[in-house]
Amino acid sequence: MKWLEGVVSVLAGPRAVPGRSTPLGRLLGLRTKYTDSSGYTHFGKRGELPIPGRGAGGGRGGGAFGYLVGGAVVVGGATTYVSHLETIPYTNRRHFVLISPDQERALGSKMYQDLLAQQRKAGKLLPQGHKLTRLVKGIGSKIAKEAEDLSDWGGKVDHMKKLKWEFNLVDSPEVNAFVLPGGKVVVYTGLFGVLKSKEELAMVLAHEIAHTVARHNAEKITQQMTSTVLAALASLALGADFVSTPLILGLQLPYSRQCENEADAIGLQLMARACFAPQNGPKAMSRLSGEGNAMPEFLSTHPHSETRVSNLKKELGKASEVYESKCLLGGFRARFF
Ligand SMILES: [Zn+2]
């Protein structure tokens, strides 16, 4: 439950003690505070004796206490924020993440198992031996292997080492694919009606794997935790299990446009490292944003897909260099230059 302590310290100050005025505090039956016309902060209901030894309404002493607590809240919140900032590999963006990779995996695993059971029951889950599943698994595993060691990119990469990648296909006309924490990738067969080559499929899979490299799911869950204050506090108050439905909802939120662009950029580099010609990346993206296609996860920032394609093209130079030195001529350039 250490992660929830983090939530509480961000949302309600460093410790969930009486004296907070947040909705969380009220939910938990904590004392409320108010500020009087002189600008002093008081604890407890108006007219009560909030702090032993002080007059009704608090007075200047209560105000000083309020400032002290308020200051502690700000300092505590800021400390928590800074200590939970992580650097994303390759792009070097700093983002705020409250949950650990282990906790993220627990949430992802629950959602993944539920989803597989549901699709299996509906008769839509393709068997592991199916030729399309094997195709996706072959390409995806190759890219995932490359993503295990990204130490040359800097940033947080240790979470990539313990992953057990799984690839499952759902028989559905939907043009979609997504990844859940822990390396669980789900692909809808509708994709095969749009993509024209293995390399284009590699771009989609690399994009999903890149979301994991960048811990975008953890970022989404964190946003869910901090914006849905009641959900997090309700979990705490009710002693709910860590794997709670409100937090799983965070996984179902669409990624931000920033995350999508980041997954495109990282994905393109990953596919190049795995020796899939990166020129196919923008092609795949452009095809997927074509007319009549649904709004898949990796195009959730639609209708700005043209911008995404042109952003992806800007990353092509670097990716091509990696591809040429590592994969062409049997890695000749990498060995001799
Ligand atoms: Zn995406």
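**P173**

I started at P173, which sits in the loop between strand 5 (166–170) and strand 6 (177–180). The model is predicted, and I kept that in mind throughout. Is P173 buried or exposed? I counted 11 other C-beta atoms within 10 Å, so P173 is exposed. The cut-off for exposed is 12 or fewer. I then looked along the chain to Y188, 15 residues from P173. Their C-alpha atoms are separated by 7.1 Å.

**The whole protein**

Next I stepped back. I found 14 helices and seven strands in the protein. The chain has 337 residues, and buried ones make up 40% of them.

How confident is the prediction? The pLDDT averages 76 over the protein, and 63% of the residues score at least 70. Over residues 1–62 the pLDDT is below 50. In the model this stretch still has 108 contacts beyond near neighbours in sequence.

**Helix 5 and helix 6**

I turned to helix pairs. Such a pair is described by the angle between the axes and the distance between them. Helix 5 covers residues 131–146 and helix 6 covers residues 198–213. Their axes come within 9 Å and cross at roughly 55°. Helix 5 and helix 6 are therefore oblique to each other. The crossing of helix 5 and helix 6 is right-handed.

Which residues meet here? From helix 5 I noted V136, I139, G140, I143 and A144. From helix 6 I noted K198, L201, A202, L205, A206 and I209. I sorted the residues of this contact into nine nonpolar, one polar and one charged.

**Helix 6 and helix 10**

Helix 6 also packs against helix 10. The angle is about 115° and the axes are 7 Å apart. This crossing, too, I logged as right-handed. On the helix 6 side the contact uses A202, M203, A206, H207, I209, A210, H211 and V213. On the helix 10 side it uses A263, D264, I266, G267, L270 and M271. The residues of this contact divide into 10 nonpolar, three polar and one charged.

**Helix 10 and helix 12**

I followed helix 10 (residues 257–273) to helix 12 (residues 305–314). Their axes come within 10 Å and cross at roughly 35°. The handedness of this crossing is right-handed. Helix 10 brings E260, N261, D264 and L268 to the contact. Helix 12 brings R308, N311 and L312. I counted two nonpolar, two polar and three charged residues in this contact.

**N311**

One residue of that contact got its own entry. N311 lies in helix 12. I found 17 other C-beta atoms within 10 Å, which means N311 is partly exposed. Leaving out residues up to four places away in sequence, N311 touches N261 and D264.

I moved on to the loop between helix 10 and helix 11, where P278 has its place. Is P278 buried or exposed? P278 is buried, because 29 other C-beta atoms lie within 10 Å. The cut-off for buried is 20 or more. Not counting residues up to four places away in sequence, P278 touches L268, M271, A272, L316, A319, S320 and Y323. P278 and G267 are 11 residues apart in sequence, and their C-alpha atoms are 9.5 Å apart.

C275 is found in the loop between helix 10 and helix 11 (280–288). With 18 other C-beta atoms within 10 Å, C275 is partly exposed. C275 has a positive phi of about 65° although it is not a glycine. Most residues other than glycine have a negative phi.

**Y90**

My last stop was Y90, which also has a positive phi, near 70°. Y90 is in the loop between strand 3 (85–87) and strand 4 (94–96). I counted 22 other C-beta atoms within 10 Å, so Y90 is buried.

How values were computed
Residues numbered from 1 in each chain as written. Predicted model: local features only at pLDDT ≥ 70, side-chain atom pairs only at ≥ 80, totals over all residues. Axes fitted to C-alpha atoms, helices over the stretch in contact; angles between N-to-C directions. Helix = DSSP H or I, 4+ residues; strand = E, 2+ residues; numbered from the N terminus. Left-handed = near helix turned anticlockwise from the far one by under 90°. Contact = placed C-beta atoms within 7 Å. Nonpolar A, V, L, I, M, F, W, Y, C, P; charged D, E, K, R; others polar. pLDDT = per-residue confidence, 0-100. Parallel < 35°, antiparallel > 145°, perpendicular 65-115°, else oblique.
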